[in-house]
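Hi there,

I am passing on the structure we talked about, for you to open and explore. Please have it on screen while you read the rest of this email.

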Amino acid sequence: MNIAKLRILVVDDFSTMRKIIKSMLRKIGVKSIDDAEDGKIALNLINIHTYDLIILDWNMPNMSGIDLLKSIKKDQKPKYTPVLMVTSEATEPQIITAVQAGASNYIVKPFTEATLTKKLCAILNIGNNI
Amino acid sequence: MDTYDLNIAMPFIQATKHVLSTMAQISPTPGTPFIKKGTAATGDISAVVGLTGTKNGSIALSFSKKCAINILKNMIGDDIEDVVKDAMDTVGELTNMISGQARAQLSQIGLNLTASTPTIIVGDHHRIEHMTTCTIIAIPFSTSHGNFSVEFSFEGCHSSKV
């Protein structure tokens, strides 16, 4: 898989976190990154575009990340799109809930660029040498 | 302040140090926790998160403007669009992360808490209203970029009985 050809959606209600994640993705060579500040905007983008990966926060107003995740997994089109939860929710039951809802992997905030790269490579089956 | 309150304060101290060192490459130095009187914020930009679960309560962070802007710069570099708006957003996200880390540690001592999304408050002489009328415990932090504080209040805090 060519990392430069990936299209990734970043969903987080805080612009600071969206900027941090987008900056980390650009550093590893991802060129096509969309972002959304809530679940409803994200759903609109998911209906329009096909993503290779969705990076999703949990705690968001209007529609929580876990509700968005469930919605994605019910829909035929994005059903198989891998979802990486990047969230402050750090307890074991919450991680289990996310995995049961269909999350491919999970990162607890705060995190480093190395952690994000490692998880992204694992989900997308890319060699961890980028 | 009794041992129980200090046991609750420790996860907040550890979470704050961990979050700021990982996301902003800043090592804050904690001062001595104290019982805060009144609702006046100690900083210029604050964020409050409501907590429900084993106990109801809230956690708040309050930053001097200078400190918040320097942390923002460390976190996103040149990608600043509106310095005040972005600093407010950063304080909200830091509060979210510190709340999450502290709650994970508190769950290990039997306090299972769910958090709301942060409410961000800005301006001179603003107030921080906690969810309960219980004692407010504040922890001051200093950094080379300015100061901030973390405060929390839970129903049934032992100090409230003093």
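Below is what was found in it, starting with how it was handled.

This is a predicted model, in which local features need pLDDT of at least 70 and side-chain atom pairs count only at pLDDT 80 or more, while totals for chains, interfaces and linings use all residues. Residues are numbered from 1 along each chain as its sequence is written, chains are lettered from A and ligands numbered from 1 in the order in which they are written, and side-chain values use heavy atoms, with hydrogens and water left out.

**Where the chains meet**

How many residues does the contact take from chain B and from chain A? Chain B gives 26 residues and chain A gives 21, with contact meaning heavy atoms within 4.5 Å. The size of an interface is often given as the accessible area lost when the parts come together. Here chain B and chain A bury about 1,800 Å² between them, and 57% of that is on carbon and sulfur atoms (buried area is the accessible area, with a 1.4 Å probe, that two parts lose on being put together, summed over both). B:Met23, B:Asp89 and B:Glu93 supply 26% of the area that chain B buries against chain A, more than any other three residues.

There are 4 salt bridges between chain B and chain A (a salt bridge is a side-chain nitrogen of Lys or Arg within 4 Å of a carboxyl oxygen of Asp or Glu). The elements giving two or more residues to the side of chain B that touches chain A are helix H1 (3–24), helix H2 (65–76) and helix H3 (83–107) of chain B. Helices (H or I, at least four residues) and strands (E, at least two) are DSSP runs, numbered from the N terminus. H3(B) brings the largest share of that side, 12 residues.

A:Lys19 lies in helix H1 (residues 15–27) of chain A and B:Glu81 in the loop between H2 and H3 of chain B, so the pair joins two chains. A:Lys19 is buried at 8% relative accessibility, whereas B:Glu81 is exposed at 66% (buried means under 20% relative accessible area, exposed over 50%, partly exposed in between, with a 1.4 Å probe and protein chains only). A:Lys19 also forms a salt bridge with B:Asp86, where the closest N and O atoms are 3.2 Å apart.

**Salt bridges elsewhere**

Over all chains, a search of the whole structure finds 11 salt bridges. One of them joins A:Arg7 and A:Asp34 (2.9 Å, N to O). A:Arg7 is in strand S1 (residues 7–11) of chain A and A:Asp34 in strand S2 (residues 32–36) of chain A, so this pair ties together parts 27 residues apart in sequence. A:Arg7 is partly exposed, at 25%, and A:Asp34 is buried, at 17%.

**The nonpolar core**

Which residues touch the most other members of the largest nonpolar core? They are A:Leu25 and B:Phe12, in a core of 66 residues (a nonpolar core is a set of buried Ala, Val, Leu, Ile, Met, Phe, Trp, Tyr and Cys residues joined through side-chain atoms within 4.5 Å). H1(B) gives the most to this core, with 9 residues. A second, separate core of 22 residues includes A:Val11 and A:Tyr106.

Enjoy exploring!
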